[in-house]
Amino acid sequence: MKKTFTMLAAAAIAATTAAPALADLVVPNLSYRTGPFAAGGIPYADGFNDYFTLLNERDGGIGGEKVQVPECETAYNTEKGVECYESTKGQGALVYNPLSTGITYQLIPKVTADKIPLYTPGYGRTSAANGKVFEWVFNYPANYWDGASVAIKYLLDENGGSLEGKKIALLYHNSAYGKEPIRTLQELAKKHGFTLSELPIDSPGQEQKSQWLQVRRDKPDYVLFWGWGVMNSVAVQEAANIRFPMDKFIGIWWSGSENDVLPAGDGANGYKALTFNGVGGDYPVYADLKKYVFDAGKGSGAGDAAGSVIYSRGMYAAVIISEAIRKAQEIAGTPKVNAAQVRDGFEALEITDARLEELGLKGFGQPFAASCGDHGGAGGAMIQQWDAAAKKWSLITGFIEPDHDVLDPLVAEDSAAFAAENNIAERCN
Amino acid sequence: MPDQLLYAMEVSLNGLMAGIMYSLVALGFVLIFKASGIFNYAQGVLALFAALTLVGLQQGQIPFSHVINAIFGTELHSFGWTLPALVAIALTALVMVGLAWLIERLVLKHLVNQEPIILFMATIGLAYFLEGLGDVMWGADIKKLDVGLPQGISETIDAITFNAFGYGFFIDRLDIVAAVVAALLVASLTLFSQYTKYGRALRAVADDHQAALSVGISLRFIWVLVWSIAGFVALVAGIMWGSKSGVQFSLSLIALKALPVLMLGGFTSIPGAIVGGLIIGMGEKLFEFFAGPLIGGATENWFAYVLALLFLVFRPQGLFGERIIERV
């Protein structure tokens, strides 16, 4: 009896801690399918998983090596995210993408010590774009400071090249994530002569009456918005309630999904948001996903989110990671790459229009070429606008370049401070 | 009238309205605590579960469809109907009664005479279980709740205040509906507890379990009854908050807004929940208005608790709570 119990226990432990086969490429998915931010976390995780499933099913993996995507639930909680990192890194993890700026900040010193790349597309620590300091972190194709700058450049275009005397309010998630664009916007306010007011909202953001009453009193010309989760849909609803012109309300890319606008119904019509990837499901890659993943019953979710904003972004993260792995295999001359080699792949990665077309994603993202010093990419973003009647997003601009004259010194300053604090010698000299 | 004064008046009114929304959640806590001495950690999740069920039933969503499809390879998602709001609300209320019965049968029955902390722990377990159940039953995507409640600025109040002060106040029509519903709810609960047989039984149990048992009142029935009523109150709170933000899993966090209301109003008083909500709502909004710009804003979450703590120092049982003295 005792022996049987011991065997059963051993079998149970083996089952719960089963590591991927040694030959597999391991890309952990630190996801959040539970908790207050699950509505965003689920489609992102599904898009991420499904793309790797597509590569496995259609191409036999990357360079002939299957990809394993062990998933670990973080609930968008920083402590749990760190636990997930610690519990999965021993499986031979090649790269992490935690979809949380809070978790990213905690993981930066850990991945640096463990020599595992951290990929944070469109989120995380902005100054990690400086590869001279952040050897193991990559945040292309765009970061929050790029986003802030693109939004202001778009507004400049809308106002004949001048924002002099305009009032712009920044409504933001009161967290590391929401505070990221403040520094940039302050610099841009000095440069372009607009007044910036900052309105923090505590997480989760179900109650925003105070902030919107202030918007109603102050009558800013534009509201920029850095929200996530329920904060987004409440903000769109409150803006509609006070009749703030929706076409003057612009969210960052994490505040521009279908989830954020559908609850407000017609009131959300005209709301704008940034995006660093294409919208909708009219890309050939979705046909492949349907054929090899959804119709084969191998989808991470029901498959009904394919083409939605957050799903597409999770998929795009997987696309870039797979391309970095492919590049690493090319450099190393072997399909069996380790984390350090994948880092080299990230640093040498070049995404061209031609390559995007080959991937079934023509025009989906902005081409970029990473380098030793540049881990941030070109930083361009587009503006998408919500059509409430058609219930879909449409792109109303092409890629807008950020203001590198303002951003580059800020990135250099912030990363230099980080380097000084952590005794990091600059590379790439 | 100075602009700042007008703005402060507008903020105060909106604070009172927000306070009523907090009170709707706090009422459910009070009902269960008053009748059984249990601090129901799951009250926020009950509101979430009720709202999820309401949307699911209204839109004809097949419960557990993801699980069914995953196991049997089917493509089931919807029954293909859309129920009228009132029918869906009535059906959801029945589901909440069924849930109350199950909670009594499967959890509370086995914990009679246990320490309050054990019962509290049981409700923590219940909260997480219900959250998971809601996810599996109805999915975790954000759902639009439409039961026909109005939203947006009240033109009437805007016009009246504009004529009076030269500045139109913003009041959300949804908040006005919430205020009316809360008033009706409190009146109904008061009438129920004062003038019905079961209401009197409920009060008897609340006063003294042993004495109530000795005159033949079934404690188990009363528990089912009170959890059913709390479930209905949770449904009302879920409708109001869900109409505001869509039905999503962060809805369960509205419980955090109810805690300072309970601390201030007392855990055993229905009027206390209302008055506590009004004070907390107005207090936090006014503090944000005056002090927020000076100290960086986003003060509401913590200031509500500071306000409640201040009241606690001077009146530990809350404004309307019963004073509890344990002799040793």
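Let's start with one pair of strands. In chain A, strand E14, residues 382–387, is joined to E15(A) by 4 bridges, and the two run antiparallel. One of the pairings is Asp387(A), whose bridge partner in E15(A) is Lys392(A). Keep in mind that this is a predicted model.

Quick background. Strands of a sheet pair through backbone hydrogen bonds, either parallel or antiparallel.

Now the whole sheet. What is the order of its strands? In chain A it reads E8-E7-E9-E10-E11-E14-E15. That is an open sheet of 7 strands, and the pairing is mixed. Its edge strands are E8 and E15 of chain A, the latter covering 392–395. Each of these two pairs on one side only. From one strand to the next, the twist averages 25°.

Let's move to the E8 end. E7(A) and E8(A) are parallel, with 7 bridges between them. Here Lys167(A) stands opposite Thr195(A) in E8(A). E7(A) also pairs with strand E9 of chain A, residues 222–226. Those two run parallel as well, over 5 bridges. Ala169(A) has Val223(A) in E9(A) as its bridge partner.

Is E7(A) enclosed or open? Of its 7 residues, 6 are buried, so E7(A) is largely enclosed by the rest of the structure.

Next, the domains. Chain A is divided into two. Domain 1 is 22–142 + 280–378 + 409–421, and domain 2 is 144–279 + 382–406. How far apart are the C-alpha centres of the two domains of chain A? They lie 26 Å apart. The contact between them takes 25 residues from domain 1 of chain A and 28 residues from domain 2 of chain A.

Look at the domain 1 side of that contact. H2, helix H4 (101–114) and helix H12 (309–332) of chain A each supply at least two residues. H12(A) gives the most, with 5 residues. By class, this side has 13 nonpolar, 11 polar and 1 charged.

On to the core. In soluble globular proteins, nonpolar side chains tend to be buried together. Here, the largest nonpolar core has 233 residues. Which of them touch the most other members? They are Ala47(B), Ala51(B) and Val226(B). Both domains of chain A give residues to this core, so it lies between them.

Take Ala51(B) as a close-up. Set aside its neighbours within four places in sequence. Ala51(B) is then in contact with Leu145(B), Gly238(B), Ile239(B), Gly242(B), Val247(B) and Leu251(B).

Last, the two chains. How many residues does each give to the contact? Chain A gives 34 residues and chain B gives 35 residues. On the chain A side, four elements each supply at least two residues: helix H2 (38–59), strand E8 (195–201), helix H8 (209–218) and helix H9 (230–241). The largest share of that side, 6 residues, comes from H9(A). Sorted by class, the chain A side has 16 nonpolar, 11 polar and 7 charged residues.

Two elements to look at again. E8(A) is an edge strand of the sheet, and E8(A) also supplies residues to the side that touches chain B. H2(A) supplies residues to that side as well, and to the side of domain 1 that touches domain 2 in chain A.

Methods: Residues numbered from 1 in each chain as written. Chains lettered and ligands numbered in written order. Predicted model: local features only at pLDDT ≥ 70, side-chain atom pairs only at ≥ 80, totals over all residues. Contact = placed C-beta atoms within 7 Å. Nonpolar A, V, L, I, M, F, W, Y, C, P; charged D, E, K, R; others polar. Pairing = 2+ DSSP bridges. Axes fitted to C-alpha atoms, helices over the stretch in contact; angles between N-to-C directions. Core = buried A, V, L, I, M, F, W, Y, C linked by C-beta atoms within 7 Å. Buried ≥ 20, exposed ≤ 12 C-beta atoms within 10 Å, placed from the backbone. Domains from an automatic or database assignment.
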